[in-house]
Amino acid sequence: MRILDWKSLTESERLAALRRPAQRDAAHIAAAAQDIIDTVRRDGDAALLALTEKFDGVRVASLRVTPQEFEAAESALNATQHAAIERAISNVRQFHAAQMPAPLRVEIAPGVVCERISVPIRAVGLYVPAGVAPLPSTAIMLAVPAAIAACPLRVMCTPPAPDGAANPAVLVAARRVGIEQVFKVGGAQAIAAMAYGTASIPKCDKVFGPGNAWVTAAKLRVAQDAAGAAADLPAGVTEVMVIADDTARADFVAADLLGQAEHGPDAQALLVTTSTALAEEVARQVRGQAACLSRTGVLAESIEHMRLLLVDTLDTAFEIANDYAPEHLLLEICEPRRWLSRVSAAGAVFLGHWSPVTMGDYCSGPNHTLPTYGFAKAYSGLSLEDFQKRITVQTLSPAGLSDLGPTAQVLANLEGLDAHAAAVTIRLAALDRGAAFERRAAPEGMKQ
């Protein structure tokens with residue numbers, strides 16, 4: 001953990017300070033993920049069983065979670081835990097249900113009507129990590145919008161524990177939101193199974209969910225293959241950036257940094273502050289708080305990637321944030337909403353001293369599946385529309401075609417696409433013949 005004076009750094013030193021740990025082995029990870037994908041495509045369930053034994057250290061008796069395992073999971077949680085899962089589901093459902101789009105209908109011109117409708121994606125694969133820590137919250141974040149969108153087929157994969165069972169809280173959360181097909185398989189192999197299908201796991205049209213660098217690489221690979229599956233967004237190793245001024249509390253900031261750093265050794269936590277005193281106290285607080293936490297082994301590694309950056313102004317802080325494009329951005333500054341318009345690249349923003357990322361991770365309502373690795377410059381966090389497709393519908397009456405058709409003819413001929421033009425011309429000619437016939441057939445007194 002280092003405190004760095006931003007203005008004294010060279011350009012290369014600044015890039016190094018913001019470099020994400022997992023990117024250093026990107027080529028190796030991508031190649032390894034492709035090998036796993038190829039193995040699963042070739043060997044199916046046999047590959048999943050072998051890879052689960054290799055990477056998770058357990059040979060499961062069955063890939064699919066049985067009804068008995070679901071019942072055992074229900075019994076494993078106490079009433080308080082069940083209530084917390086129910087409340088989180090309720091809040092996430094409320095926020096995502098409000099995102100349901102209204103049908104769009106525009107009459108562009110008389111007789112020319114254009115519409116857009118939303119339909120659910122037919123088959124979705126939901127990935128819930130459980131390597132470093134089981135994440136029932138992710139089961140909620142993925143399964144709730146999939147249910148609201150009414151996706152007909154919803155499949156979930158999650159790594160097994162050393163005893164061969166899926167995490168009970170993950171199973172309870174999945175069942176509460178209507179997921180009955182859950183499979184005990186993790187990593188890149190789970191992504192491959194959902195993208196291409198095996199004897200046990202149905203093929204999905206789109207895969208969702210965060211994961212480690214191998215999971216992210218696998219999602220990118222299968223999304224580039226027409227025979228694979230689309231992917232939601234690059235949501236990999238977690239990261240957080242806190243922008244703080246001298247109104248921030250060092251103990252709050254340190255807790256926010258550690259809250260994301262505990263996810264894994266490659267997690268990254270950054271502080272950008274205008275206060276030297278705050279940076280120094282945050283460094284002290286990080287060391288002190290980390291010593292009292294349970295995941296000391298993980299934190300010992302991830303704290304190595306932690307950077308505390310000193311800047312002269314908040315303007316510079318927001319420039320750094322937009323260049324870095326963090327998954328989570330906390331604004332622990334005076335009047336944070338006044339600065340919100342300065343944010344152009346972040347997965348999710350948390351305003352003020354009383355809005356920790358933890359609330360968004362679990363139960364406040366918005367989705368916690370967010371873009372990482374700087375993809376927040378172009379990607380948004382997961383939402384209801386990611387589980388839907390938008391389809392446009394067009395209807396032209398004879399009068400509408402007569403009015404607008406000549407425009408299409410001219411543009412088609414400009415592009416040298418005469419077959420395009422002919423599809424309009426043949427209809428306009430039919431309308432002209434019909435009009436001429438009607439004029440000939442009309443009684444003498446009615447002719448114009």
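Predicted model: local features only at pLDDT ≥ 70, side-chain atom pairs only at ≥ 80, totals over all residues.

Let's start with a helix. On one side of α3, A46 and K54 are exposed. Which residues of α3 are buried? They are D45, A47, L48, L51 and T52.

What covers them? The cover includes α2, residues 26-43. It also includes β6, at 181-184, and α8, at 187-196.

Now the length check. Helix α3 runs over residues 45-56, which makes 12 residues. At 1.5 Å a residue, α3 should span 16 Å. Its end C-alpha atoms are 16 Å apart, so the two values agree. Just after α3 comes G57, with a positive phi of about 70 degrees.

Second stop: strand β12, residues 328-332. Is this strand mostly covered or mostly open? Mostly covered: five of its five residues are buried. H328, L330 and E332 point one way. L329 and L331 point the other way. Both sets are buried.

Strand β12 has partners. With β9, residues 239-244, it runs parallel, joined by five bridges. There, V242 has L330 as its bridge partner. With β13, residues 348-351, β12 also runs parallel, and four bridges join them. Here L331 stands opposite L351 of β13.

Last stop: the rings. How many aromatic pairs does a search of the whole structure find? Four. I'll show two of them.

Take F252 and W354. Their ring centres are 5.2 Å apart and their planes sit at 75 degrees, so this pair is edge-to-face. F252 belongs to helix α10, residues 250-261, and W354 to the loop between β13 and α15, so the pair ties together parts that are 102 residues apart in sequence. F252 has 19% relative accessibility, so it counts as buried. W354 is exposed, at 69%.

Next, F375 and Y379. This aromatic pair is also edge-to-face: 5.7 Å centre to centre, with 85 degrees between the planes. F375 is partly exposed, with a relative accessible area of 30%. Y379 is partly exposed too, at 36%.

One more ring to find on your screens. The charged end of R20 sits over the ring of Y324, 3.7 Å from the ring centre.

That's my tour. Over to you.

Note on methods
Residues numbered from 1 in each chain as written. Heavy atoms only, no water. Helix = DSSP H or I, 4+ residues; strand = E, 2+ residues; numbered from the N terminus. Expected span 1.5 Å × (residues − 1). Buried < 20%, exposed > 50% of the residue type's maximum accessible area, 1.4 Å probe, protein only. Contact = heavy atoms within 4.5 Å. Pairing = 2+ DSSP bridges. Phe/Tyr/Trp six-rings, centres within 6.5 Å; stacked < 30°, edge-to-face > 60°. Lys NZ or Arg CZ within 6 Å of the ring centre and 35° of its normal.
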